[in-house]
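Please work through each task before reading its solution.

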Amino acid sequence: MSSQSTELTIENIKSIPVPQSPQKYSKTLTCAVLNKSPIRPTRNNGSMFSMNLCGRDPSSTIRAICFSEGMFSKFQPNTTYNLKQFKVKKAFGKSSSNVELLVDNDTNVSTSTSQFVLEEHSFTISQILNNETENVRFINLKAKVMKVDDLIVVGTYPDNKAKRNIHLADHSGHIQMVLWRDRAENSQVVEGNVLSIKNAVVSNYHQALSLTSTFETTITSIDEVTMAAPAEEPSLNSNVVSVYLPSKNSCVNTAALVVERTSMLIHLRTV
């Protein structure tokens, strides 16, 4: 950072060019811990944990990682700290920024005398689907599990990872959530459970919004009744639906079936 800088903020850090190697900062960054992951093993038999930090504005976030298990107890969620002697490095994997912080045993950590006020908001599924959470990085919600998909493995070795989709509903709508890695493999989620989900992230894949878990996501089964909205059905604004099917008989071009219950005309068209 330039010696002319009088204040170090998360936005300052996120605006710098991505360093080729970790770059140490001696200036003080005042930031709050939004959430923190459990300690998890690394490939080289070490351990690490990660956190998401924010400034006074909770929408301005940056990820921090630490490979020192002894630092774990020094950070608590919803607490504001002053950090000095941390490093900035290229972000690993998907992140809200191109850079992330590296905290180690040389980092000076002290509780700030000025604590940021972090309000915890819970959203409904319809608010998520209507993009009312677009300025919120981490999403909290309560929802009922309608379906749990089978476990699959995606990617190629050594970067392959476990994935499991769960289908959620509340009184306002339905949404899919993707569980990754150990959370997918060791999922205790059961159809019919009501879940309290904290620190999930909204994903926009092929213009469809869904939720995805991160290392910092927590999922808890709660003893609470949640009404599920009716499953979405085909729109009845039009009474014709076209369904394309492969054909072994090229002479068959179309067929029609009238469904009396919905008065819909369904065309089965071969290709």
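**Exercise 1.** Determine whether Phe75 is buried or exposed, and classify its ring pair with Tyr81.

*Solution.* Step 1: the relative accessibility of Phe75 is 1%, so Phe75 counts as buried (buried means under 20% relative accessible area, exposed over 50%, partly exposed in between, with a 1.4 Å probe and protein chains only). The model is predicted: local features need pLDDT of at least 70, side-chain atom pairs count only at pLDDT 80 or more, and totals for chains, interfaces and linings use all residues. Residues are numbered from 1 along each chain as its sequence is written, and side-chain values use heavy atoms, with hydrogens and water left out.

Step 1: Tyr81 is buried as well, with a relative accessible area of 5%.

Step 2: the ring centres of Phe75 and Tyr81 lie 5.4 Å apart and the planes meet at 65°, so this pair is edge-to-face. Rings of Phe, Tyr and Trp (its six-membered ring) pair if their centres lie within 6.5 Å; planes under 30 degrees apart count as stacked, over 60 as edge-to-face and the rest as tilted.

**Exercise 2.** State how many aromatic pairs the whole structure contains, and classify the pair of Phe49 and Phe72.

*Solution.* Step 1: the search finds 3 aromatic pairs.

Step 1: for Phe49 and Phe72, a centre distance of 5.1 Å and planes at 90° make the pair edge-to-face.

Step 2: Phe49 is buried at 1% relative accessibility, whereas Phe72, at 23%, is partly exposed.
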